[in-house]
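The following account leads through a protein model from one pairing of side chains to the fold as a whole. Please keep the sequence and the coordinates in view while reading.

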Amino acid sequence: MTTIFSLTAQDTLASMLAKLRAASTGRVLLVVPADLALDAVSLRVLRREANLAHLDLALVTADPNLRAAAGREGISTFRDAVYAEGARWHRLRRERRLGLR
């Protein structure tokens, strides 16, 4: 089962993180409208939060720049929410811990 959240232009990073934390399943699909800008830092924070909560995260967007940026973070992207529900998603990249010696 996939939890789907449709975002709006008024959504902030904080509200997106709250949606992730409220997710009741292991798969969360964020439907991103064309007028909502997500930068690389926001994508990284979303990926890290999803990792901490043991969630799979994917985005639905038609924006090719957002799709590319999400791909660099290891976040699956789709153009259609219905297709995304049945598709296989990338496993999110885990952070590497750098030890100091």
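Which side chain meets that of Arg44 in a salt bridge? The partner of Arg44 is Glu73, with N and O 2.7 Å apart; a salt bridge here is a side-chain nitrogen of Lys or Arg within 4 Å of a carboxyl oxygen of Asp or Glu. The pair links distant parts of the chain, as Arg44 belongs to helix α2 and Glu73 to the loop between α3 and β4, 29 residues apart. Arg44 is partly exposed at 37% relative accessibility, whereas Glu73 is buried at 4%. Buried means under 20% relative accessible area, exposed over 50% and partly exposed in between, computed with a 1.4 Å probe on protein chains only. Arg44 and Glu73 also belong to a network of salt bridges that includes Arg47.

The model is predicted: local features need pLDDT of at least 70, side-chain atom pairs count only at pLDDT 80 or more, and totals for chains, interfaces and linings use all residues. Residues are numbered from 1 along each chain as its sequence is written, and side-chain values use heavy atoms, with hydrogens and water left out.

The wider architecture can now be described. The protein has four helices and four strands, and along the sequence they follow the pattern β-α-β-α-β-α-β-α. Helices (H or I, at least four residues) and strands (E, at least two) are DSSP runs numbered from the N terminus. The strands form an open sheet in the order β1-β2-β3-β4, with parallel pairing; two strands pair if DSSP finds at least two bridges between them. At the edges lie β1 (2-6) and β4 (76-78), each of which pairs on one side only. From one strand to the next the twist averages 25°, where axes are lines fitted to C-alpha atoms and angles run from 0 to 180 degrees between N-to-C directions. Strands of a sheet pair through backbone hydrogen bonds, either parallel or antiparallel. Strand β3 (residues 56-60) runs parallel to β4 and is joined to it by three bridges. Leu59 has Thr77 as its bridge partner in β4.

Strand β4 also holds Phe78, which is buried with a relative accessible area of 9%. Contact means heavy atoms within 4.5 Å. Phe78 and Trp89 are 11 residues apart in sequence, and their C-alpha atoms are 9.6 Å apart in space.

Which residues of helix α3 (residues 64-72) are buried? They are Leu66, Ala69 and Ala70. These residues lie on the same side of α3 because they cover an arc of only 100° around the axis, the arc being that of the directions from the helix axis to the C-beta atoms. An α-helix has 3.6 residues a turn, so residues three or four places apart point the same way. The cover over the buried residues of α3 includes α2 (40-52), β3 and β4. On the face turned away from the buried side, α3 carries the exposed residues Pro64 and Arg72. The N-terminal end of α3 is capped by Asp63, of which a side-chain oxygen lies 2.8 Å from the backbone nitrogen of Asn65. After α3 comes Gly74, with a positive phi near 85°.

A positive phi is also found at His54, about 55°, although His54 is not a glycine. His54 sits in the loop between α2 and β3 and is exposed, with a relative accessible area of 66%.

To return to charged side chains, the count of salt bridges comes to four. In one of them, Glu49 pairs with Arg21, the closest N and O atoms being 3.1 Å apart. Glu49 lies in helix α2 and Arg21 in helix α1 (residues 13-22), so the pair ties together parts that are 28 residues apart in sequence. Glu49 is buried at 16% relative accessible area, while Arg21 is exposed at 54%. Lys19 and Asp11 meet in a salt bridge with an N to O distance of 3.8 Å; Lys19 is partly exposed at 22%, and Asp11 is buried at 13%.

For the protein as a whole, 42% of the 101 residues count as buried. Of the contacts with a separation of 6 or more, 63% are between residues 24 or more positions apart.

Note on methods:
A polar contact is a pair of N or O atoms within 3.5 Å; within protein, one must be able to donate a hydrogen and the other to accept it, and residues adjacent in sequence count only if both atoms are side-chain atoms.
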